[in-house]
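Colleague: I'm new to reading strands and sheets, so could you walk me through this one slowly?
Modeller: Gladly, and here is what we will be looking at.

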Amino acid sequence: MMIEIKVPALSESVSEGTLLSWHKQEGEAVAQGENLIDLETDKVVLELPAPQSGVLSKIVKQNGEVVRPGEVLALIDTEARAAAPAKAAAVEPALSPSVRKLVAEHELDPAQIEGSGRGGRITREDVLAQLEKPAQPASTNAPLPAPSGERPEQRVPMTRLRARVAERLVQAQQTAAILTTFNEVNMQPVMDLRARYKEKFEKDHGIKLGFMSFFVKATVAALKKFPVVNASVDGSDIIYHGYFDIGIAVGSPRGLVVPVVRDADQLSFAEIEKQIAEYGSRARDGKLTIEELTGGTFSISNGGVFGSMMSTPILNPPQSAILGMHKTYERPIAENGQVVIRPMMYLALSYDHRIVDGREAVLFLVAIKEALEDPARLLLGV
């Protein structure tokens, strides 16, 4: 029986995708559940598995083609058998979608890359290390080419994710009245609390106690006090969201993605830390789903992990605000009439001035600062 492999239904905000690379050739045997091809959307890379075992009879759409939901990609003959190969084929190393795409972009041979991941799996770092190795001359007697003085350039198309991010950032700048307010927070209380309980926390919950859960909890507490910061604009209407879905900006090999921690107000510190850790891991492997990247009522971006001291984050439409975290530095501050050294972090809140007034934005950021400088507030709800 011949069955069709079609582009699956995507989310409402995703209407098309691009085929990255087929993992099987026509005439090859496929097993049920085996990944046939990677489909890149403007949010994630999807793996399309074989619905049944058989032989890949015909490939209809080729690498690089733009496809839409419902279109036929290939045909599988469930009753046919693959022809015996003339010689044993080399086993292709297991690659994640993001690593496979990077290998294809630079036309590398995975068999020549030494994997450092679990079970010899090739990681993104392994590919980058391979790219840094000097090219070997074809013959040991052949002279190395002399420097030509040329200034090479390389033109490459944007990935769908990069193009979509660019589109949304421009949209935010053109449609929203973006303003940013700043404050600073003394991280000593949070650092002391974390140092006191981190070992027991990890022992009891199986996850490390980081700083992000404190910021998520502080953000939710502030959003409850100032609901308009959790709202969004829809035409001439303001939509007030009665739930707290917090997007956490994460860097991935494909670019910036913002997975959403849903109903963050109902989660414990441990549950928040586990979700964020899982999102970070799957973002690096290109395994995030469209549903996990869709929606969100407020976002948090942590430029501090890259060393940023201060920045102005851009809104993630249609959200009305985003919190920017930065690197913690020890600085002298005045405390009870004395100059002391404290670990300080600058906070930035970019907001849509069309619906959020300056007073609300400033008080919202102050509420986050107060919650972090006195973490007991998060437990007492004050």
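Predicted model: local features only at pLDDT ≥ 70, side-chain atom pairs only at ≥ 80, totals over all residues.

Colleague: Okay, what is the strand order in the open sheet of 4 strands?
Modeller: Reading across that open sheet, the order is β5-β4-β2-β7, and the pairing is antiparallel.

Colleague: Which strands stand at the edges there?
Modeller: Those are β5, covering residues 45-49, and β7, covering 66-67. Each has a single partner strand, so one side of each is left without a neighbour in the sheet.

Colleague: And how many bridges join β4 and β5?
Modeller: Strand β4, which runs over residues 35-40, pairs with β5 in the antiparallel sense over 5 bridges.

Colleague: What actually holds strands together in a sheet?
Modeller: As a general rule, strands of a sheet pair through backbone hydrogen bonds, and the pairing may be either parallel or antiparallel.

Colleague: Let's move on to β8, then. Which strand pairs with β8 over 5 bridges?
Modeller: That is strand β1, residues 2-6, which pairs in the antiparallel sense with β8, residues 72-77. Within this pairing, the bridge partner of Glu4 is Leu75 in β8. Strand β6, made of residues 54-59, also pairs with β8 in the antiparallel sense, over 4 bridges, and there you can find Ile59 opposite Ala74 in β8.

Colleague: Is the pairing of β12 and β16 parallel or antiparallel?
Modeller: Strand β12, residues 246-248, pairs with β16 in the parallel sense over 3 bridges, and Gly247 stands opposite Ser299 in β16. Strand β17, residues 321-325, likewise pairs with β16 in the parallel sense, over 4 bridges, with Ile300 standing opposite Leu323 in β17.

Colleague: Changing topic to the surface, which residues form the nonpolar patch?
Modeller: The patch is formed by Phe182, Met309 and Met310, which together have about 270 Å² of accessible area.

Colleague: Where does Met309 lie?
Modeller: Met309 lies in the loop between β16 and β17, the two strands that pair in the parallel sense.

Colleague: And why does Met309 count as partly exposed?
Modeller: Its relative accessibility is 41%, and Met309 therefore counts as partly exposed, because that class lies between buried, under 20%, and exposed, over 50%.

Terms used:
Residues numbered from 1 in each chain as written. Heavy atoms only, no water. Pairing = 2+ DSSP bridges. Patch = residues over 30% accessible without salt bridge, like charges linked within 9 Å, V, L, I, M, F, W, Y side chains within 5 Å. Areas by Shrake-Rupley, 256 points an atom, 1.4 Å probe, with all protein chains shown as cover. Salt bridge = Lys/Arg side-chain N within 4 Å of Asp/Glu carboxyl O. Buried < 20%, exposed > 50% of the residue type's maximum accessible area, 1.4 Å probe, protein only.
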